Amino acid sequence: MSPVDASIRGHRLRAIELLPWLIAIGGYFGFGDYLTLGSQILIMILFALSLDLVLGYAGIVTLGHSAFFGAGAYAAGIYAAYVTGEPLSGLLIAALTAALIGWISGFVILRTQGLALLMLTLAVTALLAEAANKASFITGGADGLQGVDIDPIFGVFRFDLFGRTAYLYCLAVLFLTWLFARRLVHSSFGRSLVGIRENAARMHAIGSPVRRRLLTVYTISAALAGIAGALLAQTTQFVGLTVLGFQRSGEILIMLVFGGIGRLYGAFVGASLYMIAQDQLAKMDPEFWYFWIGLLLVLLVMFARGGILGLIDRLLGR
Amino acid sequence: MEALTSILFHGLAYAMILYIVSVGLSVTMGLMGFVNLAHGVFAMAGGYVTVILMNRYAVPFALALAIAFVALALLSVILERTLYARLYGASELDQVLFTIGLIFMSVAIVRYLWGPLPQPVHLPHALSGQLDFGFRTFPTYRSFLIAAGFILIALLWLGIERTRFGAQLRAAVDNRRMAESIGIDTRRLFSLAFALGSGLAALGGGLGADILAIYPGYATEYLVYFLMVVAIGGLGSLRGPFIAALLLGFGDTACKYLVPELGAFFVFAAMIVLLLWRPAGLFGRA
């Protein structure tokens, strides 16, 4: 099969790609008390998906993706607390804010590579975290943002105590962004990103505007991460400084890598398993949870590059 | 004037700690190109060893520091031989993930062993109180830090510039293949440099325990600072990180002193601008 055929075949929707959605819809009826965890999982999938666009497809190693998640969370939270609790416009504001920050920071930091780039992604996040911490008159600082009241969606569906609306809301948003991301990675734009990841110099040579492409995907990814952050702010009705922390950037990286990067579905597998495992293990031994995650990560890098989906591929001999 | 001398003094003490912790990272990154985000872990571990030895077993400060240095240097060699060495030449992402894994594990371990709260530091009597310099008094502990920092820097400089090991190290950083082809065992060299760098980090963690609080968040909270010193100073040099540490020490202290409502915001912004201006660092080679 030629690469072109493979690319076309990849674009066609396969039956197995509907599996996550069937599980998610079934989960709505089956999760019961775990519906809140379900919403968290959906949010993390979206966040991991946004990271996959820059890391998996464009090959930008970033330690600061929580910058955009946090920016979106704070934008949506502040919008709800001070302007209006209408959720959909809140999502839009969050996406725009995160995209703007992504564009500005991407414009300056994507000129660099390697250690400098890694440092700069970290520094941008540290900068935002310090800003959120010090601007406590609007963000609430270290105490977190209070008073985030969200109106019913479309004025009809109110956020209930059991998290049913929140779950469906997150699911709908994730589904739409997944459609978008899927379309994106199979487009010629998406293919050119893979080209840049594999060999930026050659992409330059065949006339691809490398920097502009990277900046575009960085901005798009920031917007999606911002939406994920906004969903968290709206469904939990709270925003704390941890949304901008290094821990969160590290965790989302781990979720994605556990699932498998550059595969679109690594985010689904990795985020679900991570969140469920965290929920279960943290109950038994919350202090030691990070030890096992760290150990798994070390083992993964040593023995199982490609993550869970990569392992499955290898087992199936693909 | 009062404010200026205070900023200079505290900034210098802070810069010394940043430098002692980070200098090893600069050398190992310059030599092997390994993105070691877990470098701060060695500093944290050194801090814990020092403080626990002093608090629980009444070991004198200097001896505790020496034990921390030796223990972490040894531990780092074991880690380097068994784990790090497998990832030389691996992708940046793999190195980043591996070292994040180490950070998560170490954070969980210290939290499990010693709890989430910062460790209290009981400095020896000789180091508490104030020291009279004639025109004004300064805290003895920070004066000691500055003096210790300069002594360490002098030793480091002598070691790198005047010994055979130092000459080999400089040669390997300049051009590893050439150094190998004239018979320098760069693997052994790297293990030694790694051990020395980690030991120094441990020493920095212990020495600075009263400035950078020893708690489980140490390795992540100060990571940005350690990496900044290296990135801004430039890889593989001794002088670059020192200048960067001074900039960061003075800048951070001045910002927190003069505009506390903005905190470290300016420092981060300035560092971003510096890195954009010189992506390879002030003294790095592009």
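**Exercise 1.** List the buried residues of H10(B) and state why this helix is largely enclosed.

*Solution.* Step 1: the buried residues of H10(B) are Leu223(B), Val224(B), Tyr225(B), Phe226(B), Leu227(B), Met228(B), Val229(B), Val230(B), Ala231(B), Ile232(B) and Gly233(B). A residue is buried if 20 or more other C-beta atoms lie within 10 Å of its own, exposed if 12 or fewer, and partly exposed in between, with C-beta atoms placed from the backbone. Helices (H or I, at least four residues) and strands (E, at least two) are DSSP runs, numbered from the N terminus.

Step 2: because 11 of the 11 residues of H10(B) are buried, the helix is largely enclosed by the rest of the structure.

Step 3: just after H10(B), Gly234(B) has a positive phi of about 105 degrees.

*Note on the model.* This is a predicted model, in which local features need pLDDT of at least 70 and side-chain atom pairs count only at pLDDT 80 or more, while totals for chains, interfaces and linings use all residues. Residues are numbered from 1 along each chain as its sequence is written, and chains are lettered from A and ligands numbered from 1 in the order in which they are written.

**Exercise 2.** Describe the side of chain B that touches chain A.

*Solution.* Step 1: 38 residues of chain B are in contact with 36 residues of chain A; contact means that the C-beta atoms of two residues, placed from the backbone, lie within 7 Å.

Step 2: the elements of chain B that give two or more residues to this side are helix H4 (92-114), helix H10 (223-233) and helix H12 (265-277). H4(B) has the largest share, 17 residues.

Step 3: by class, this side of chain B has 30 nonpolar, three polar and five charged residues. Ala, Val, Leu, Ile, Met, Phe, Trp, Tyr, Cys and Pro count as nonpolar, Asp, Glu, Lys and Arg as charged, and the others, Gly among them, as polar.

**Exercise 3.** Is Leu264(A) buried or exposed, and is Ala58(B) buried or exposed?

*Solution.* Step 1: most residues other than glycine have a negative phi. Leu264(A) has a positive phi near 70 degrees, and Ala58(B) has a positive phi near 50 degrees.

Step 2: Leu264(A) lies in the loop between helix H12 (246-259) and helix H13 (266-284) of chain A. Ala58(B) is in the loop between helix H2 (39-57) and helix H3 (61-82) of chain B.

Step 3: Leu264(A) counts as buried because it has 24 C-beta neighbours inside 10 Å. Ala58(B), with 9 other C-beta atoms within 10 Å, is exposed.
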